[in-house]
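Please examine the sequence and the structure shown below before reading on.

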Amino acid sequence: MNNAASLRKIASGIILYALLVLTALLCLGPFLWLLSTSLKVNANVYKFPPQLIPWPLNFKNFSDVFHIMPLWTYIKNTVLMTGMGVLLNVIICTMTAYPLARIAFPARNFVFYAIVSTMILPNAAGMIVNFIIIQKLHLYNTILGIVLPSAVSVFNVFLLRQAFITIPNDMEYSGRIDGAGEFRIFWNIMVPMVRPAIATVVIFDFMAFWNSMIWPIIILDDKEKYPLAAALQYLQGNLSYNFPYIAAGTIISVIPIIVIFLVLQKQFINGMVGAVKG
Amino acid sequence: MAAKWSKQQRSRARFAYLMIAPGVLLLIVFTFYPILYGLPLAFTNYSALDTTKWIGMKNFQRAFNDPDFYVALKNSLIYVIVVPIIQIIAILMAVLVNTKLKFVGLFRVAFFIPVVTSMVAAAIAWKWMYEEQGIINYILRSLGLTHHDIAFMVEPKYALAGVMLVTIWKGLGYYMMIYLAGLQSIPSELQEAARIDGANRLQVIRLITIPLLMPFVLLCSLLSVMGAIRVFDEIFVMHGPKGDPINSTLVASVYTYKVAFQDFDFGYAAAIGLVVALIILVFSLFMFRYTRKGGLTYYE
């Protein structure tokens, strides 16, 4: 009896682990296969039947790809675009959310409901109109033109406002009694209290900007100004005869986001899942 | 409220306006204005070529006589098939990782990796696997499922399904996490009580787990319907801006992109976008109604 029960436990454990490993293979398989391809010597890339584990190992694609395409430039562009986008969102969204949560001023409700309404109203021609606006502002072919339309997200403002609302009033009163001005109350007392919400904003926008492809392609004329995702999309058509380079470039482009995800996995998952549930 | 504002209140209000000014200004330019201007734009012939004129319903008449537009709508609707598939697999995955096995956290993280990577990277990886001499054909042949190589990227009958698989694959981890949160929100006492009352495992699933998971199913379905109708990146990367081969992957958003940014026919593109937005609106209203009638009543 006891034996049978423990046997069954072991068997179900084995089945569960087998299913987990199989699912993990399906989830990671495409990237692992890409990694494998990028580490092969050319003769083995199109070999049939395919060589699963690259042998001999060849790291040359990863060094060559920096000569084949201006990869450093793309990385620099991506970092610059992502940094600007995240920074602008954190600063401007925090500034916008704070008064909406904690200061009584005329027309506050109007402003708030106007902002919230954009989450419901369909923005059917958003990209088209934004393109026209960027052209009129003479920001076509600039990084600012990519970043500015998403420099404030309604979603972030909403999220930060919720966070500011939950701060107890005592915090504010004690600051006032100490004679702190409005800005000092905001900056020294309030902002540190909403750090988790700011972390969510940073993670979301880091991902969105780092992975963004089509808007940079629309806004940028110079391929030299492309961020990684746009550049890979552009190059995969032109360099398809030499796929290992594209594979190496793609692997390089996903490493930063995967590393950051692995380091901050809790915040990532809670932020992305919690945001929809909330 | 407007009657008497103390000096301090007035200075606070001034501070508030200063703080919200940059954000509100950017929202006016890049969010409010596009929403408002997108509407009249759909009734003009705004393009790179012509001087802009009000042309009434002409764009809409043109859309309804445009065979490509119908193909795009049809493909977008077909695309919604990914929604139930994602829900079923994601729920099964959530059940699988909702155990207390060792290393299960590691697997959860692994399943989530496709979610955080860019669609460009994912699409490039899949395109490579879909090659005629690629690994998918190799696997299918090794398993004896096919006897000759299939041109997944080139044959129209496989192209759309091929992209849909990428969409499904990339979204699973995300929905799995929502369902996991859902499963963990169900108090275990409920299930235990049912077991004590003599319900078998299947009955517990059917009578407790599924009804309590329903709100999450509806939320996830709504999110993935919107995602499916807006699908763009994976098609653009794998099959280009025209929805090749022979329109087989031409969906609404890709067609809108083509009309706007390849033909520079902005007025017509705005009209198409408006029609699609209306369809999404009808879809979501329908689903909200269904939500009201369905699982959510358990919480009311």
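**Where the two chains meet**

Chain B and chain A bury about 7700 Å² between them, and 82% of this area is on carbon and sulfur atoms; buried area is the accessible area (1.4 Å probe) that two parts lose on being put together, summed over both. R12(B), F30(B) and W128(B) supply 11% of the area that chain B buries against chain A, more than any other three residues. This is a predicted model, in which local features need pLDDT of at least 70 and side-chain atom pairs count only at pLDDT 80 or more, while totals for chains, interfaces and linings use all residues. Residues are numbered from 1 along each chain as its sequence is written, chains are lettered from A and ligands numbered from 1 in the order in which they are written, and side-chain values use heavy atoms, with hydrogens and water left out.

In terms of contact (heavy atoms within 4.5 Å), 80 residues of chain B touch 86 residues of chain A. Two salt bridges are counted between the chains, a salt bridge being a side-chain nitrogen of Lys or Arg within 4 Å of a carboxyl oxygen of Asp or Glu. One joins the side chains of E172(A) and R12(B) at 3.2 Å, N to O.

**A network of charges**

Side chains of opposite charge can pair when their charged atoms come close. R102(A), E172(A), R176(A), E182(A) and R12(B) are linked in a network of salt bridges. Within chain A, E172(A) pairs with R102(A), with their closest N and O atoms 3.2 Å apart. This pair links distant parts of the chain, 70 residues apart: E172(A) is in helix α9 (residues 169-177) and R102(A) in helix α4 (residues 71-102). Helices here are DSSP runs (H or I, at least four residues), numbered from the N terminus.

E172(A) also meets R176(A) at 2.9 Å, N to O, and these two lie four residues apart in helix α9 of chain A, about one turn of the helix. Is E172(A) buried or exposed? E172(A) is buried because its relative accessible area is 6%, where buried means under 20%, exposed over 50% and partly exposed in between (1.4 Å probe, protein chains only). R176(A), at 22%, counts as partly exposed.

The largest nonpolar core has 197 residues, of which Y98(A), I128(A), F164(A), Y79(B), F111(B) and Y179(B) touch the most other members. Such a core is a set of buried Ala, Val, Leu, Ile, Met, Phe, Trp, Tyr and Cys residues joined through side-chain atoms within 4.5 Å.
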